[in-house]
Amino acid sequence: MQIYPFNFPSLLGVNAYLVADEATGSAALIDCGRGYKKIADFAAEKGFKVEKVLLTHGHFDHVMEAAKWKAAGAEIFIHEADNELMKSGGAPDGFFGGAPKFAAGADVLLRGGESISVGNITFSVIHTPGHSRGSVCYLTDGAIFTGDTLFKGSFGRYDFPGGDKHELKDSLETLFALPGAENIVVYPGHDQPTNLHYEALTNPGRYCLDDQF
């Protein structure tokens, strides 16, 4: 398995990750806010086929190019609680100055607990609400893609419509309790990768999402 990160500073510094099985040439893309041509050209150069787009949640900066990938033949995956959010533009009316409408809905609606295969790679879907109702993380061998649930030294906002502070705290505790955390790299939706065990020990989400804050 190879992980190729792409960062787009012009779109809130959002990350996308191309995860490829070099043995089969099958690949998945984690989030797709920007960079369709750049990522598609890179995949073609490497001989990879992007078969699936795995969305961590429905906010616009993570889903804006879903229709392009769908038209190119990739299956779009999102949690069922965020599919309408994605289709409506990835933002409630009036938020972010009004987001454009997208034609793409998901091909596969997730609920959490599924396993998704891409070549010889298997992703386990973990429902982690709090930043949005349908936020999910994708866990695979030695890596977890956390979207806007968990960041390096921080955590996602919960003050957007659909966010919930207590759900976010519970979601973080679920991630921090994953077995083998010391060997799991966190690939977040923004900022730099980190280590899950380190975040379990030091992340402020462990103490500042209580009611007294």
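This is a predicted model: local features need pLDDT of at least 70, side-chain atom pairs count only at pLDDT 80 or more; totals for chains, interfaces and linings use all residues.

Colleague: Is Cys-32 buried or exposed, then?

Modeller: Cys-32 has a relative accessible area of 0%, so this residue is buried.

Colleague: And how many disulfides are there?

Modeller: The search of the whole structure returned 0 disulfides. Cys-32 takes part in none, and the nearest cysteine sulfur belongs to Cys-137, 17 Å away.

Colleague: Let us turn to charges. How many salt bridges does the search find?

Modeller: It finds 8 salt bridges in the whole structure. One of them joins Lys-70 to Asp-107, with the closest N and O atoms 3.7 Å apart. This pair connects distant parts of the chain, 37 residues apart: Lys-70 belongs to helix H3 (residues 66–71), while Asp-107 sits in the loop between helix H4 (83–87) and strand E6 (108–110).

Colleague: What about the accessibility of Lys-70 and Asp-107?

Modeller: Lys-70 has a relative accessible area of 32% and is therefore partly exposed. Asp-107 is partly exposed as well, at 40% relative accessibility.

Colleague: Which residue does Glu-173 form a salt bridge with?

Modeller: Its partner is Arg-206, and the closest N and O atoms are 2.5 Å apart. Glu-173 is partly exposed at 26% relative accessibility, and Arg-206 is partly exposed at 34%.

Colleague: Which residues are linked with Glu-173 in a network?

Modeller: Salt bridges link Lys-169, Glu-173 and Arg-206 in a network.

Colleague: And what is the distance for Asp-159 and Arg-157?

Modeller: In that salt bridge, the closest N and O atoms are 2.8 Å apart. Asp-159 has a relative accessibility of 48% and counts as partly exposed; Arg-157 is likewise partly exposed, with a relative accessible area of 46%.

Colleague: Changing topic: how much space lies in the largest pocket?

Modeller: The largest pocket holds about 180 Å³ of space.

Colleague: Which residues lie nearest the centre of that pocket?

Modeller: They are Asp-61, His-131, Asp-148, Phe-160 and His-190, out of the 11 residues that line the largest pocket. Sorted by class, the lining comprises 4 nonpolar, 4 polar and 3 charged residues.

Colleague: How many aromatic pairs does the structure hold?

Modeller: There are 8 aromatic pairs. Tyr-4, Phe-6, Phe-42 and Phe-48 are joined into a cluster by ring pairs.

Colleague: On to the backbone. What is phi for Leu-12?

Modeller: Leu-12 has a phi near 60°, which is a positive value in a residue other than glycine. This leucine is located in the loop between strand E1 (2–8) and strand E2 (14–20). With a relative accessibility of 54%, Leu-12 counts as exposed.

Colleague: And what is phi for Asp-191?

Modeller: Asp-191 is not a glycine, yet its phi is positive, at about 75°. The loop between strand E13 (185–188) and strand E14 (194–195) contains Asp-191. Its relative accessible area is 43%, so Asp-191 is partly exposed.

Colleague: Last one: where is Gly-112 found?

Modeller: Gly-112 is in the loop between E6 and strand E7 (115–118), and at 30% relative accessibility this glycine counts as partly exposed. The C-alpha atom of Gly-112 is separated by 5.1 Å from that of Ile-126, although the two residues are 14 residues apart along the chain.

Key: Residues are numbered from 1 along each chain as its sequence is written. Side-chain values use heavy atoms; hydrogens and water are left out. A salt bridge is a side-chain nitrogen of Lys or Arg within 4 Å of a carboxyl oxygen of Asp or Glu. Helices (H or I, at least four residues) and strands (E, at least two) are DSSP runs, numbered from the N terminus. Buried means under 20% relative accessible area, exposed over 50%, partly exposed in between (1.4 Å probe, protein chains only). A disulfide is a pair of cysteine sulfur atoms within 2.5 Å. On a 1 Å grid over the protein atoms alone, a cavity is a set of points where a 1.4 Å probe fits but cannot get out, and a pocket is an open set with protein on both sides within 12 Å along at least five of seven lines; lining residues have an atom within 4 Å of a point. Grid points are joined across faces, edges and corners, and a volume is the space filled by probe spheres set on the points. Ala, Val, Leu, Ile, Met, Phe, Trp, Tyr, Cys and Pro count as nonpolar, Asp, Glu, Lys and Arg as charged, and the others, Gly among them, as polar. Rings of Phe, Tyr and Trp (its six-membered ring) pair if their centres lie within 6.5 Å; planes under 30 degrees apart count as stacked, over 60 as edge-to-face and the rest as tilted.
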